[in-house]
Amino acid sequence: MCSVHPHSLSLSLLVSLRYTHSPSSPHVCCLSANAAPSTDCEMFSPASKGSAAESRIDKSTLSALKGRKQELLNISNVPLAECPPSPPRTAPPSMKSADFFDMLEKMQVPKAEDTKKWKDDYIPYPRIEDVLEKGGPYPQVILPQFGGYWIEDAEAPAGTPSSSESSFCEEEDGDEGMSPDGAHSYRLECNSTARAYRKHFLGKEHMNYYCTGSSIGNLIMSLKHEEAQSQEFLRIMLRSRTKTVHDRISLAGISQLPSVPQIAKLLCDDATGLKFNPVLYPRASLLIVAYDEHEVNNTFKFGVVYQKFGQTSEEELFGNNEETPAFKEFLSILGDNIELQDFKGFRGGLDVSHGQTGSESVYTVFRHREIMFHVSTKLPFTEGDVQQLQRKRHIGNDIVAAVFQEESTPFVPDMIASNFLHAYVLVQAENPCTDHTTYKVSVTAREDVPSFGPPLPNPAVFKKGPEFREFLLTKLINAENACYKSDKFAKLEGRTRAALLDNLHDELHRQSHAVLGLGQVGEEDKLENGGHGGLLESFKGLWTAALQFPQTVPGGAVLVVFIALALYHLSVTL
């Protein structure tokens, strides 16, 4: 991943920067070159309170300061001198001379042209127009002027894990992880914990528990005893509102199994108030596996954008209508061209009934995952609409997009304004529509998106064929899974997860009480209703019965309501 660091300068403190105080002006400052402090410095004289003299510096003095600053900037590799330890009569020891001159310059009231010059001076990355003006060879992707994205470095060591926060899908441990020719293995990265319950617990003997009102909220635990190679193990899954922990601990040397609260404390040492109840509902496993796999995604939609040479705006990108032979060849690598009318597979938000999103698209099934591509040139084109909102409505709501470049031209990731697009895979064709076609690949993503695999080879050039397709589709899927860990999507997932866990806890609690014949209301609920056996629930039951009476008993609803009100009045007076 590329990163650009700001310049660092080592400056010599050739002048003494001293603060001089007087009774009338406690903040008066005097600047002199190796001279003693003076109390009559005119540069910061408080001539008239509220006047411009308080905030402006004399122009001739400012010119001298700028010249002095330039002299300091031309000197390098000179250590900073020791500042006299006598504050507040000296500048802070950590302040460099150049920094102090910058502070003085900022005290001037900036003019419009000065503000523009300052902004241009401090832009860390060049504009795409400047890159094009300099001529080729062009980089495949450049960073926006003010950053916010990273570019994958193909020269990074190939053995470095692509993402420390990702794990391989456990279902990919077999032959599915291999490419068709068996020479390369591009693995899908996903949350393997989400599939652990189905793989290790579902349909096997195990026990489930739920905890109400711990210090970290509701908890759901699953326990399973296992034996492997003459050793005993305890497999554990502990679900909280923030995460799910999956672990397997050895029982070697343990004469007595730990209690459920002790196991929970082992996995979440900050949890207190742990009081678990067994789950007695026979169909609880179906509810638990549905919760665990709520984040498992087997359908994906990706944008595909065609970029011509020199195009620098989203209006130009979405305005392309022509599909060149090279672009069609690339689309054939992604998937099959399908008719949208009455299409039965995953449609990715496209209209399959009335043709409002075009007549055809590109679709494929890759390792049991359905993928629909939103191809910009196949989405409806609206004459007179500069923004082409029909196209942006779909591609701008995708999370990952592939950008095809038929010629060498730079791309900037903020070229398309979108709150959802977080990663791009750039593909540049070389010698298209020949037996020697190759594709150069670059990857860029927002700075809060963790890196993802498979890593780019060095050089990042692929021959047309099954290996390139395998790499590209794996990269796109892993990119979307990584984007879900960015700040925006992680917050949405956190809120969804907390709500679903609370709903699962409540359902397990309710169904377990129903199995015991305790009804749907526990003792705590009865106490909250005034300690009268849940009269509010009784009233709800009577009202439900009342709604069924009118058709069979004339005046039945009114009669039941009167009886319920009488019972409630009697309970209040007792």
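K378 is buried, with a relative accessibility of 12% (buried means under 20% relative accessible area, exposed over 50%, partly exposed in between, with a 1.4 Å probe and protein chains only). This is a predicted model, where local features need pLDDT of at least 70 and side-chain atom pairs count only at pLDDT 80 or more, while totals for chains, interfaces and linings use all residues. Residues are numbered from 1 along each chain as its sequence is written, and side-chain values use heavy atoms, without hydrogens and water.

**Salt bridges**

The whole structure holds 15 salt bridges (a side-chain nitrogen of Lys or Arg within 4 Å of a carboxyl oxygen of Asp or Glu). Including K378 with E323, some of them are tabulated here.

| Pair | N to O distance |
|---|---|
| E293 and R198 | 2.6 Å |
| R239 and D292 | 2.8 Å |
| K378 and E323 | 3.4 Å |

E293 sits in the loop between α7 and β11 and R198 in helix α5, so their bridge ties together parts 95 residues apart in sequence. R198 is partly exposed, at 44% relative accessible area. R239 and D292 are both buried.

How values were computed:
Helices (H or I, at least four residues) and strands (E, at least two) are DSSP runs, numbered from the N terminus.
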